[in-house]
Amino acid sequence: MPDAESFIAAIAANPADDLPRLVFADWLDENGDPARAGFIRDHVRLAKLRPGTDEYKTLFRKCADTLKANLPTWIKPACDAFGQPMEWKPVKATGGRFPIEIVRTGERIGLRAVQFDRGLIGSASLTLIPSTPARGVDRLLRLHPVSELTLRSITDPDSWDRVTCERMKAVRTLHMLVVSSRSVVHRIYTSEVFAGVDRLTSLVSKDANVLCGSRMAKRLTALTVAGFPEVIAALADYPLDDKLQEFTISPPGRDTPAVSDWSAVSRVAFRPTLKRLDLTRCGMTDDGLAAFARGEEWIRLQGLKLGGNLFGDRGWADFCRGWRTPELTYLDASRNRLTDSGADMLSRSGMLKTLRVIDLRGNRIAGRGAVALARAVAEGKLNKLLLAGNPLGKREVGMVNGLLGGRTDVG
């Protein structure tokens with residue numbers, strides 16, 4: 001007869017499939033746990049609804065209320081797995097998921113936070129130190145189908161070796177935020193317990209070369225790295241294949257050298273196959289954007305995020321003229337310093353032939369450029385022009401709406 005653990009294993013093996021979760025909900029109903037069964041069904045349904053609709057809001061509140069009423073019972077076994085008598089509190093939920101921060105006075109010894117995904121804990125954040133129970137991670141993964149794991153700190157190789165387990169093979173997304181030992185980094189990148197990982201965030205500054213020579217690199221479809229110059233340079237030796245589709249550069253933090261040579265970004269080995277590139281909040285200036293535009297052609301790039309940087313019209317002019325993204329359909333340049341002149345430059349760029357979504361929210365576009373851009377795309381295939389947060393006048397707002405109708409958002 002199946003038990004809860006076998007259902008969790010089946011869900012972990014196919015984390016994107018709702019059917020095993022719904023079958024588990026039926027089993028829970030039959031075995032005296034209707035509250036948890038109902039939460040799983042409601043949360044699965046919530047994930048399919050469009051946020052902001054009345055139906056979504058009603059179901060979201062219902063899920064939140066159910067979770068609040070049952071959280072002590074549902075989270076206690078996960079805390080017990082690490083020997084942690086903890087308090088917990090919900091934090092602001094996004095995207096229909098329910099993150100729970102674990103709070104404890106004194107030293108954190110294991111579980112720091114979890115996040116509910118379609119009724120069950122699908123994401124967990126851990127701190128691993130010598131006092132972390134050896135079977136803690138294994139027990140957590142038997143209780144919940146965790147497919148996303150965050151390692152916030154690993155202090156030594158022994159701490160890592162003690163907690164590894166076969167059930168880690170169910171992890172698909174791995175975030176490495178603080179790992180102080182190079183030998184631990186090597187163990188993680190080469191370990192067979194992470195054979196299922198295909199999405200990696202690595203904010204370890206000095207060990208990108210270890211990743212490039214590992215088996216994990218050959219499996220990744222998405223990679224996020226800290227924007228240290230030495231990390232970007234090391235990625236020139238990344239193994240070339242067609243698997244890596246998404247690349248994100250994360251700001252390295254305060255008082256830390258960030259990318260200075262933006263042309264080096266186009267020398268990453270996976271540039272010819274990449275489809276999505278995220279350079280949000282990377283401190284890119286006019287000179288940085290110009291250098292990036294002069295780099296190699298991004299042959300298959302479809303989505304580019306440049307939001308929250310520091311460039312204005314000068315660097316934007318080089319970017320528009322340097323147009324090296326022949327398949328680009330999504331462009332985010334929100335929260336920068338673009339004015340009417342920058343919008344006008346884009347209206348005359350060859351990029352408009354392929355773009356379907358343009359996000360220019362939160363810039364300094366006052367009107368003339370917005371109207372020029374709206375006219376340029378009015379008869380084309382653009383699906384959305386986002387201009388909210390710009391100082392547009394009423395007259396220009398009316399003209400843009402008249403040209404694009406429901407295809408624009410001017411705020």
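How many aromatic pairs does the structure hold? I looked this up at the outset and found 12 aromatic pairs. I note here that the model is a predicted one.

**Entry 1: F24 and W27**

I turned to one of these pairs, formed by F24 and W27, and recorded it as stacked, with 6.0 Å centre to centre and 20° between the planes. Both residues belong to helix α2, which covers residues 19–30. They are three residues apart there, so about one helical turn separates F24 from W27. I kept in mind that an α-helix has 3.6 residues a turn, so residues three or four places apart point the same way.

Are F24 and W27 buried or exposed? F24 has 0% relative accessibility and therefore counts as buried. W27 has 17% relative accessibility, and because the cut-off for buried is under 20%, W27 counts as buried too. I also looked for an aromatic cluster and found F24 and W27 in one with F7.

**Entry 2: F39 and F116**

Next I examined F39 and F116, an aromatic pair that is edge-to-face, at 6.1 Å centre to centre and 80° between the planes. Which elements does this pair tie together? F39 lies in helix α3 (residues 34–46) and F116 in strand β3 (residues 111–117), so the pair links parts that are 77 residues apart in sequence. I checked the burial of the two residues and noted F39 as buried and F116 as buried.

β3 is mostly covered, with five of its seven residues buried. I found strand β4 (residues 120–128) running antiparallel to β3, and six bridges join the two.

I then followed β4 to strand β5. The two pair in the parallel sense, over six bridges. For S125 I noted T150 of β5 as the bridge partner. Strand β5 spans residues 148–154, and five of its seven residues are buried, so the rest of the structure largely encloses it.

**Entry 3: helix α5**

I looked up the burial of helix α5 (residues 136–143). Six of its eight residues are buried, so this helix is largely enclosed by the rest of the structure. Which residues of α5 are buried? My list reads G136, V137, D138, L140, L141 and L143. I then asked what covers the buried residues of α5. The cover includes the helices α1 (4–13), α3, α4 (54–81) and α6 (157–163), together with the strands β3 and β4.

**Entry 4: the cavity**

Rolling a probe the size of a water molecule over the atoms shows where empty space is left. How many cavities of 30 Å³ or more does the structure hold? I found one. About 90 Å³ of space lies in the largest cavity.

I wrote down the lining of the largest cavity as F292, A293, E296, W298, F319, G322, W323, R324, T325 and M351. Helices α10 (286–293) and α11 (313–322) each supply at least two residues of this lining.

Key
Residues numbered from 1 in each chain as written. Predicted model: local features only at pLDDT ≥ 70, side-chain atom pairs only at ≥ 80, totals over all residues. Heavy atoms only, no water. Phe/Tyr/Trp six-rings, centres within 6.5 Å; stacked < 30°, edge-to-face > 60°. Helix = DSSP H or I, 4+ residues; strand = E, 2+ residues; numbered from the N terminus. Buried < 20%, exposed > 50% of the residue type's maximum accessible area, 1.4 Å probe, protein only. Pairing = 2+ DSSP bridges. 1 Å grid on protein atoms, 1.4 Å probe; cavity = no way out; pocket = protein on both sides within 12 Å on 5 of 7 lines; lining within 4 Å. Points joined across faces, edges and corners; volume = space filled by probe spheres on them. Contact = heavy atoms within 4.5 Å.
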